[in-house]
Amino acid sequence: MISLAEELALLAIEDDGAVAYTAGQAGFGMALIGACLVDLNGQGRLDADLTAVHILSRAPTGDPMLDLVLGEMSGDTLLSVEQWVLQLAPQVPTLVQLALTALVKRGILAQKESRFLWVLKERRYPVMDGREQKEAKLRIMSTLLGDDVPTPHDTVLVGLARAGGLLEGFLSAQEIHRLESRIGEVGGIDLVVRGVEAAIREDQAARARAMMLPMY
Amino acid sequence: MSVLNTTLETVNGVVVVLPEGRLDYDAAAGFQSTLEQTLAGSDKPRGMIIDCTSLSYVSSAGLRSFLVGARAAKSAGVPFVVCSLSQSVREVFTVSGFSRIIEEHADRAAALAKLG
């Protein structure tokens, strides 16, 4: 079974194997960190509340992504989910690469390198086994179209997909608009997802502040 | 290791669940199992009230066990409500969005009146 972090990365793979533009955005990276934190929570390595993330065990999980995140969460100072997400942001390129490598290893993606305009190297990840990606999309759709209380996994998947801008990859703007109320209701009923959303807001505010600074 | 004691009472066919202590990672699986087993029992309750009078703390893992309980109750057709939330527990429910999908009552009497 693939991890939530791998599932999120898989949603960023387009039909032609290209990694979606979204995956280079800060929101996706923060959602991916959030997925790692939720996976670590599920494996009993940490727990979170409104004010802090509590490390419960530093024992390696055997998953390179999760162990990277856990290893980075050192120090005695208690930080909130939002603070950890912002602090772990520089690890996003490595986490994305680790997620893609794991999906290739599982036989879900292939890795193909080619040349664009004969010069620029381009790497694509065509989907070899589409079941996992289809299942993730179907789970999101059935959560949004149904009226059940979502499972913890599905509410986190919807919440992080929304935060990471991944819903736009398979839902039209009109569909998202139509489902907005349900997305708000069942997406991310989880403290880690709320922390990720707060980190994204803070990151956007910081970027906006930086743009307002005089250039001289 | 945290301690969460959970007791069950039945009032007119409505099960009242009383968690006492901290609902964190260590306690979440046990609490979730109590809710699921109660809902899956041969005597399906007319309703389930989680009386949070003595619940002092809910973590991310604890919140998931509430979500699983609410889902199991809805699948079983059993009304699921919470009551007597402390300020800190209410804040967790509000910030997480859990309060948008469950019904909350001020106290057990109000919850029982609703399910009665």
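Student: Angles under 35 degrees count as roughly parallel, over 145 as roughly antiparallel, 65 to 115 as roughly perpendicular, and the rest as oblique. What should I know about the model before using these terms?

Tutor: The model is predicted: local features need pLDDT of at least 70, side-chain atom pairs count only at pLDDT 80 or more, and totals for chains, interfaces and linings use all residues. Residues are numbered from 1 along each chain as its sequence is written, while chains are lettered from A and ligands numbered from 1 in the order in which they are written.

Student: At what angle do α2 and α4 of chain A cross?

Tutor: Helix α2(A), residues 26–42, and helix α4(A), residues 81–88, cross at roughly 120 degrees, and their axes come within 9 Å. Helices (H or I, at least four residues) and strands (E, at least two) are DSSP runs numbered from the N terminus. Axes are lines fitted to C-alpha atoms, for helices over the stretch in contact, with angles running from 0 to 180 degrees between N-to-C directions. The two helices, α2(A) and α4(A), are therefore oblique to each other.

Student: Which residues meet there?

Tutor: Met30(A), Ile33(A), Gly34(A) and Leu37(A) of α2(A) meet Val81(A), Val85(A) and Leu88(A) of α4(A). Contact requires C-beta atoms, placed from the backbone, to lie within 7 Å. The residues of this contact comprise 6 nonpolar, 1 polar and no charged. Here Ala, Val, Leu, Ile, Met, Phe, Trp, Tyr, Cys and Pro count as nonpolar, Asp, Glu, Lys and Arg as charged, and the others, Gly among them, as polar.

Student: And how far apart are the axes of α1 and α7 in chain A?

Tutor: The axes of α1(A), residues 4–11, and α7(A), residues 152–163, are 11 Å apart, at an angle of about 40 degrees. That angle makes α1(A) oblique to α7(A). On the α1(A) side, Leu4(A), Glu7(A), Leu8(A) and Leu11(A) take part, and their partners in α7(A) include His153(A) and Leu157(A). This contact divides into 7 nonpolar, 1 polar and 1 charged.

Student: Changing topic: is Asp147(A) buried or exposed?

Tutor: Asp147(A) is exposed, because 8 other C-beta atoms lie within 10 Å. A residue is buried with 20 or more such neighbours, exposed with 12 or fewer, and partly exposed in between. Asp147(A) sits in the loop between α6 (131–145) and α7 of chain A.

Student: How many residues of chain B are in contact with chain A?

Tutor: 20 residues of chain B are in contact with 19 of chain A. In chain B, α2 (60–76) and α3 (87–96) each supply at least two residues of that side. The largest share, 9 residues, comes from α2(B). The side of chain B that touches chain A has 10 nonpolar, 4 polar and 6 charged residues.

Conventions. Two residues are in contact if their C-beta atoms, placed from the backbone, lie within 7 Å.
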